[in-house]
Amino acid sequence: MFAIIERICLVLRAIVSAVVVALFSVMLVAVLVQVAGRYFLNFSISQAAEIATFCQIWLVLLGAGVTLARGQHVAIDLLPSKLPLAGARAALVLIALVSGAFLAVLAYGSLPLLKLGQFQTSPSMRVPMMYMYACLPVGAAYMILELVLSVVQRWDDPFPPPKPETEEEAV
């Protein structure tokens with residue numbers, strides 16, 4: 001059962017990572033268009049600014065889940081790493097429960113915003129704002145999924161020492 005969930009999560013990670021890269025690329029192009037419009041045309045292209053803003057919002061919330069999956073969030077784990085295995089497991093579960101509770105409140109609290117967004121449109125592109133507000137429950141749900149998976153994966157070694165990302169750091 002867990003192997004199936006892990007495979008689904010690996011596919012989801014690949015999809016979300018690709019979406020994050022695409023969002024960053026679109027945001028980069030939109031900002032360049034905005035700067036070029038101001039510099040060369042002496043005119044602000046409002047659609048480009050709005051696209052960049054919306055891409056950044058989605059990028060942050062989905063990117064936080066990707067960062068969580070890679071274990072790259074800022075964490076103070078000096079005390080939990082010194083605990084015996086049972087205490088470290090308890091700390092791991094407690095941290096995940098508190099984080100999950102926050103994310104659940106974020107997702108639940110965004111539901112009225114989604115309902116309001118059905119009737120609102122963005123100022124420049126006239127896109128329904130519910131598509132922009134959907135990043136809150138989607139991002140929170142993805143982070144909760146990654147939290148649960150990280151607890152299961154780290155159960156035997158809850159707070160491992162950091163691993164270098166590149167060979168230069170390992171030397």
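**View 1. Phe24, a partly exposed residue of helix H1**. In this predicted model, Phe24 counts as partly exposed because its relative accessibility is 46%, and partly exposed covers values between the 20% limit for buried and the 50% limit for exposed. Look for Phe24 in helix H1, which runs over residues 2-40. Ala52 makes a handy landmark here: its C-alpha atom is 8.8 Å from that of Phe24, although 28 residues separate the two along the chain.

**View 2. Leu23 and its contacts**. Leaving aside residues up to four places away in sequence, Leu23 touches Cys55, Trp58, Leu59 and Leu62. Leu23, Trp58 and Leu62 return in the next view, among the residues with the most contacts inside the largest nonpolar core.

**View 3. The largest nonpolar core, with 32 residues**. Val16, Val20, Leu23, Trp58 and Leu62 have the most contacts inside this core. At least two core residues come from each of these helices: H1, H2 (46-70), H4 (85-109), H6 (130-133) and H7 (135-153). Which helix gives the largest share of the core? That is H2, with nine residues. As background, nonpolar side chains tend to be buried together in soluble globular proteins.

**View 4. Tyr39 and Phe40, an aromatic pair**. The structure holds one aromatic pair, and Tyr39 and Phe40 form it. Their ring centres are 5.0 Å apart, and with 80° between the planes the arrangement is edge-to-face. Are these two residues buried or exposed? Both Tyr39 and Phe40 are exposed.

How values were computed: Residues are numbered from 1 along each chain as its sequence is written. This is a predicted model: local features need pLDDT of at least 70, side-chain atom pairs count only at pLDDT 80 or more; totals for chains, interfaces and linings use all residues. Side-chain values use heavy atoms; hydrogens and water are left out. Helices (H or I, at least four residues) and strands (E, at least two) are DSSP runs, numbered from the N terminus. Buried means under 20% relative accessible area, exposed over 50%, partly exposed in between (1.4 Å probe, protein chains only). A nonpolar core is a set of buried Ala, Val, Leu, Ile, Met, Phe, Trp, Tyr and Cys residues joined through side-chain atoms within 4.5 Å. Contact means heavy atoms within 4.5 Å. Rings of Phe, Tyr and Trp (its six-membered ring) pair if their centres lie within 6.5 Å; planes under 30 degrees apart count as stacked, over 60 as edge-to-face and the rest as tilted.
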